[in-house]
Amino acid sequence: MSSTAGREQDTRASDDDARSTPAGAPLRVVLVDDHAIVRHGLRAVLSREPDLEVVGEAATPDEARAVIGHLHPDIVLLDLKLSTTHEAEGLVLCEQLTAAYPRIGVLVLTTFIDDALVLQAVRVGARGYVVKDVDTSALLRAIRDVGAGKSAFDAHSAAAMVRGLNAPTPSSDQLTEREREVLALLARGLSNRQIGSRLYVAETTAKFHVGNILRKLGVSRRTEAVYEASKRGVL
């Protein structure tokens, strides 16, 4: 190995070490929820635990990306609905965070308990899923499990995931109204950015909907989706 390559490897190793929590130190947590009162309540609960430390908060996806990129926490407690828009916003953020920071454990903490939603959260990288009416001890256990590299699901979300796994394969009949709108724009050759602009959603949200359409139609490319949808009479 050349000396330059060795220095580069040492630098990457140093960066990784700097972003890792030392053994015995509290798990560093970032709270992502659009309701300040929820974040304050969670902070109050977690502050009583010596092995947990809330190091940051965010109310929007942009804030979350900035805070997490700066702090590199161990755990992100993430609500899926971060605004009045579709819950896909939280799922898109989850996918972005787990792709950019694989060491960070994302634990979904939300009011939504839907079979498909739990499965989608897991598929985009969430290590756990609990609903907000879970008791404090169960929430703390879930945070610690995710911090230890395990998965964590409350009874409701675990049952939802099992039902989702046993559900029939999604088809074009299960396209949501929003997905049909996106599909119509796909058929016109619009990009994700253009679709987002037309529907007043973020480009990442449009991309998420396109991914769902491809999966439900059983194809891998946008042009194939348009062809398959036309063949099935969806367009």
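Asp33, Asp79 and Lys132 are linked in a network of salt bridges. A salt bridge here is a side-chain nitrogen of Lys or Arg within 4 Å of a carboxyl oxygen of Asp or Glu. Before going on, the basis: this is a predicted model, where local features need pLDDT of at least 70, side-chain atom pairs count only at pLDDT 80 or more, and totals for chains, interfaces and linings use all residues. Residues are numbered from 1 along each chain as its sequence is written, and side-chain values use heavy atoms, with hydrogens and water left out.

Between Lys132 and Asp79, the closest N and O atoms are 3.2 Å apart. Lys132 is in the loop between strand 5 (128–131) and helix 6 (136–147), and Asp79 is in the loop between strand 3 and helix 4, so this pair ties together parts 53 residues apart in sequence. Helices (H or I, at least four residues) and strands (E, at least two) are DSSP runs, numbered from the N terminus.

Are these two buried or exposed? Asp79 is buried, at a relative accessible area of 5%, while Lys132 is partly exposed at 29%. Buried means under 20% relative accessible area, exposed over 50%, and partly exposed in between, with a 1.4 Å probe and protein chains only.

How many salt bridges does the whole structure hold? The search finds eleven. One of them joins Asp74 to Arg103, with the closest N and O atoms 3.1 Å apart. Asp74 sits in the loop between helix 3 (61–71) and strand 3, and Arg103 in the loop between helix 4 (88–100) and strand 4 (105–110), so the pair ties together parts that are 29 residues apart in sequence. Asp74 is buried, at 10%, and Arg103 is partly exposed, at 34%.

Next, the cavity. The largest cavity has a volume of about 30 Å³. On a 1 Å grid over the protein atoms alone, a cavity is a set of points where a 1.4 Å probe fits but cannot get out, and lining residues have an atom within 4 Å of a point. Grid points are joined across faces, edges and corners, and the volume is the space filled by probe spheres set on the points. Asp33 and Asp79 are among the residues that line this cavity, which also include Leu31, Val32 and Leu109. Strand 1 (27–32) and strand 3 (75–78) each give two or more residues to the lining.

Last, helix 11 (residues 222–232): Ala225, Val226, Glu228 and Ala229 are buried there. Gly233 follows the helix, with a positive phi near 80°.

How values were computed. On a 1 Å grid over the protein atoms alone, a cavity is a set of points where a 1.4 Å probe fits but cannot get out, and a pocket is an open set with protein on both sides within 12 Å along at least five of seven lines; lining residues have an atom within 4 Å of a point.
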